[in-house]
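Welcome! Take a moment to look over the sequence and the 3D view, and then let's walk through them together.

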Amino acid sequence: MAAASAVALAVAAACHKDATGPTVTHRTSLLALAHFDSAPPTSPRTFSFKAGLLSTFQLVHSDSVGSAFASFTFTPHSVVTRNDTLLADTSTVIVTVTVVPGTYEFVLGPASLGFSVSSKPTLDFSYTRYANPAVFDSSTRYGSAAAFQQALGLWFERGADRWVQEPNAHNGLTVVSGALEAPGHYLLAAPK
């Protein structure tokens, strides 16, 4: 009985409701998908586009075929402000993506960009070629690498060590698609 109470307290400490509603999780309660470093994506990468135009760009691995790591889509007016100033259709938006080595994780910046609430930018996170799902055995929750991969989701760090899962879906066997809430830190992970 004492062991069950200890487990319940540990789960409660790891996850709690944020003031705005979603469940907040600490990074230590997430199992991040590892990345083989044989062909890491070139990082940081900077992309520019016009605020009023559809723009798609891809972050690729440094292999000879340019395997996809992540594809970003910015619909017209998905970025509405920069430094608290409204953007015109012709305003140039510059976005930088910095990959965290060893995991499917990146930081999207600059922090001064404001995303639209109704038309957020989207991401397709691809782990087709360089994923190392062997970390699944770090948790008793997953009986196989495939079960761990099916549980993967897109997580966003809303505040210091306050991770929330973004609405997302598996798009094929090895792609997770979702909306980007704001500039910041994103991670492909599953609960431990």
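Is Arg158 buried or partly exposed? With a relative accessible area of 30%, Arg158 is partly exposed. Keep in mind as you read that this is a predicted model.

## The chain as a whole

Let's step back and look at the whole chain. It has 2 helices and 19 strands. Of its 192 residues, 42% are buried.

Which strands pair with β7? One of them is β6, residues 55-60, which runs antiparallel to β7 over 6 bridges. Another is β13, residues 122-126, also paired with β7 in the antiparallel sense, here over 4 bridges. You can follow Phe72 of β7 to see both pairings: Phe57 is its bridge partner on one hand, and Leu123 in β13 is its bridge partner on the other. As background for viewing strands like these, side chains in a regular strand alternate between the two faces of the sheet.

## Three salt bridges

Next, let's turn to charged side chains. Side chains of opposite charge can pair when their charged atoms come close. How many salt bridges does the structure hold? There are 3.

One of them joins Glu105 and Arg27, with the closest N and O atoms 3.7 Å apart. This pair links distant parts of the chain: Glu105 belongs to strand β11 (residues 105-109), while Arg27 sits in the loop between β2 and β3, and the two are 78 residues apart. Glu105 counts as buried because its relative accessibility is 6%, whereas Arg27, at 26%, counts as partly exposed.

Another salt bridge brings together the side chains of Arg129 and Asp63, at 3.3 Å from N to O. Arg129 is in the loop between β13 and β14, and Asp63 is in the loop between β6 and β7, so the pair ties together parts that lie 66 residues apart in sequence. Asp63 is buried, with a relative accessible area of 16%.

The side chains of Glu181 and Arg158 also meet in a salt bridge, at 2.9 Å from N to O. Because Glu181 lies in the loop between β18 and β19 and Arg158 in strand β15 (residues 153-159), this pair ties together parts 23 residues apart in sequence. Glu181 is partly exposed, with a relative accessible area of 21%, and Arg158, the residue we began with, is partly exposed too, at 30%.

## A closer look at Ser91

Where does Ser91 lie? Look for Ser91 in the loop between β9 (85-86) and β10 (92-99). Is Ser91 buried or exposed? Ser91 counts as buried, because its relative accessibility is 16% and the cut-off for buried is under 20%.

The side chain of Ser91 reaches the backbone nitrogen of Ala88 at 2.9 Å. Leaving aside residues up to four places away in sequence, Ser91 touches Phe49, Lys50, Ala51 and Arg82.

Definitions and conventions. Residues are numbered from 1 along each chain as its sequence is written. This is a predicted model: local features need pLDDT of at least 70, side-chain atom pairs count only at pLDDT 80 or more; totals for chains, interfaces and linings use all residues. Side-chain values use heavy atoms; hydrogens and water are left out. Buried means under 20% relative accessible area, exposed over 50%, partly exposed in between (1.4 Å probe, protein chains only). A polar contact is a pair of N or O atoms within 3.5 Å; within protein, one must be able to donate a hydrogen and the other to accept it, and residues adjacent in sequence count only if both atoms are side-chain atoms. Contact means heavy atoms within 4.5 Å. Two strands pair if DSSP finds at least two bridges between them. A salt bridge is a side-chain nitrogen of Lys or Arg within 4 Å of a carboxyl oxygen of Asp or Glu.
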